[in-house]
Amino acid sequence: MSIPDRSSSDEGIVDAALLSSVLWPRRWLIVTLAIISTGLFAALGFVLHPTYRGTAVLVAATPDRSGLGGSLNSALGPVSELASLAGIGGPNGTSPVDEALAVLQSREFTEAFIAEHNLMPVLFSKIWDPATNAWKVPAAKQPTPAKAFRAFDRIRTIKQDVKTGLITLQIDWKDRTEAASWVNGLVTALNAEMRARAITAADASLVYLQRELATTSDVGTRDAVNRLIEGQIKQRMLANVTQQYSLRFVDRALVADADDPVGPRKLVLIAVGLFLGLIGGVALSLILNSRTLVARQRDRGARLAQPADRA
C-alpha cells in the first residue's frame, strides 16, 4: 500500500496559513517599514557625495629590450650566455608589459606618486586643516604612507583585455578633475620610471660588455659583443627619446561630466532599501506572532491549572 505524497500540498497550506494568519493582519506594519527603509536609502543616495571616474585606455609600447630586433639566441649564438650575464634579453618569465603593470601597482611607485603630488591631504581631507596646513589629529593618528597607499589602491582599478592587449586604468574619486588628472599622471610617471630603469640597465650592461670586449681576442666573440654593445646603445637612445616608453595612450582620461557620476547609484539604493524594508517587516511580523503564540499558551496553561488547584 503506497502512501500519498502530501509534501507539496502541505507546503501550499502552510504558506497560505502563514500569509492569512501572520502576514496579512500585519500588512500595514510591513508596508510602513518598507516605506521608511526606502525613504532612508533614497535620502542616503542624495546625501552621499557623487563619485566620478577617470578612465584611460592604454596599449603596451615597450620595444624589444635586447635592442637586436630579433631572437637573442639566434643573433648571438655562442655568446648568448654572456648577454644574460650582462642583463640583456633572455627569458625571465616576465614580459615588459607585465613588469610595467606590476610597477604601476607596486607600493613603492604609488607612495612616490602620492608624495610627489602631495596627495596625503587630499586623500585624508577630513583630518587636514588647509588654513594651517597641518593635521587636525595628533602625530600618532596621522596617516602614514602605507595607509595612503591602501587608500589610493582602493580607488584605482587596472584591467587588461587578454584578447586585444588593451589596458584600462580607472580612478573613482569625488573630484572629477582630479580623477582624470591622476590617471594621466600615473601613466606619465610610470613611463618616466620605466625609461629611467631602462637607461640604468643599459648603462650597466655597456660597462660590463666593454670590460669583456677589452679582455677577449677571439674575432667571433668580439663581433658578437660589439653587436650587443650596439644594441644597448640603441636601447638607451630609444629610452631617452621615447616619452611613452612602456604604455602608450590610446585614449587619455577626460574630465567626466558633472551630471554623469558613477556613484552612488540611487535606483540601486532605493531597490535595496525596499527589499530590506520588506524583509524586516516580515521578520518583525513573525517575531510578534511568535510572542503572541507563547503568551496564549501561557494563558491557556494557567486556565487549565486553575481547576486542578481548586480540586
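Which residues does Ser-285 touch, not counting residues up to four places away in sequence? Ser-285 touches Val-22, Leu-23, Arg-26, Leu-29 and Ile-30, where contact means heavy atoms within 4.5 Å.

## Basis of the report

This is a predicted model, in which local features need pLDDT of at least 70 and side-chain atom pairs count only at pLDDT 80 or more, while totals for chains, interfaces and linings use all residues. Residues are numbered from 1 along each chain as its sequence is written, and side-chain values use heavy atoms, with hydrogens and water left out.

## Overall composition

The secondary structure of the protein comes to eleven helices and six strands. Helices (H or I, at least four residues) and strands (E, at least two) are DSSP runs, numbered from the N terminus.

Of the 311 residues, 31% count as buried. Buried means under 20% relative accessible area, exposed means over 50%, and partly exposed lies in between (1.4 Å probe, protein chains only). Among the contacts in the protein with a separation of 6 or more, 77% come from residues 24 or more positions apart.

Ser-285 has its place in helix α11, residues 266-310. Ser-285 counts as buried because its relative accessibility is 0%.

Phe-275 also lies in helix α11. Phe-275 is exposed, since its relative accessible area is 52%. The C-alpha atoms of Phe-275 and Thr-38 are separated by 8.3 Å, although the two residues are 237 residues apart along the chain.

## The four-stranded sheet

Four strands form an open sheet in the order β4-β5-β1-β6, with antiparallel pairing. β4 (156-160) and β6 stand at the edges, each with a single partner strand, so one side of each is left without a neighbour in the sheet. From one strand to the next, the twist averages 30°. Two strands pair if DSSP finds at least two bridges between them.

Strand β1 (residues 52-60) pairs with strand β5 (residues 167-173) in the antiparallel sense over seven bridges. In β5, Leu-169 is the bridge partner of Ala-56, and Asp-172 is the bridge partner of Arg-53. β1 also pairs with strand β6 (residues 247-251), again in the antiparallel sense, over four bridges; here Val-57 stands opposite Asp-251. In a regular strand the side chains alternate between the two faces of the sheet.

Helix α8 (residues 145-155) lies across β4 and β5 and runs at about 50° to β4. For such angles, axes are lines fitted to C-alpha atoms, for helices over the stretch in contact, and angles run from 0 to 180 degrees between N-to-C directions.

## The second largest pocket

About 160 Å³ of space lies in the second largest pocket. On a 1 Å grid over the protein atoms alone, a pocket is an open set of points where a 1.4 Å probe fits, with protein on both sides within 12 Å along at least five of seven lines; lining residues have an atom within 4 Å of a point. Grid points are joined across faces, edges and corners, and the volume is the space filled by probe spheres set on the points.

Residues that line the second largest pocket include Val-103, Phe-109, Phe-113, Glu-116, Ala-192 and Arg-197. The elements that give two or more residues to this lining are α6 (107-116) and α9 (176-215). α6 gives the most, with five residues. The lining divides into six nonpolar, one polar and four charged residues. Ala, Val, Leu, Ile, Met, Phe, Trp, Tyr, Cys and Pro count as nonpolar, Asp, Glu, Lys and Arg as charged, and the others, Gly among them, as polar.
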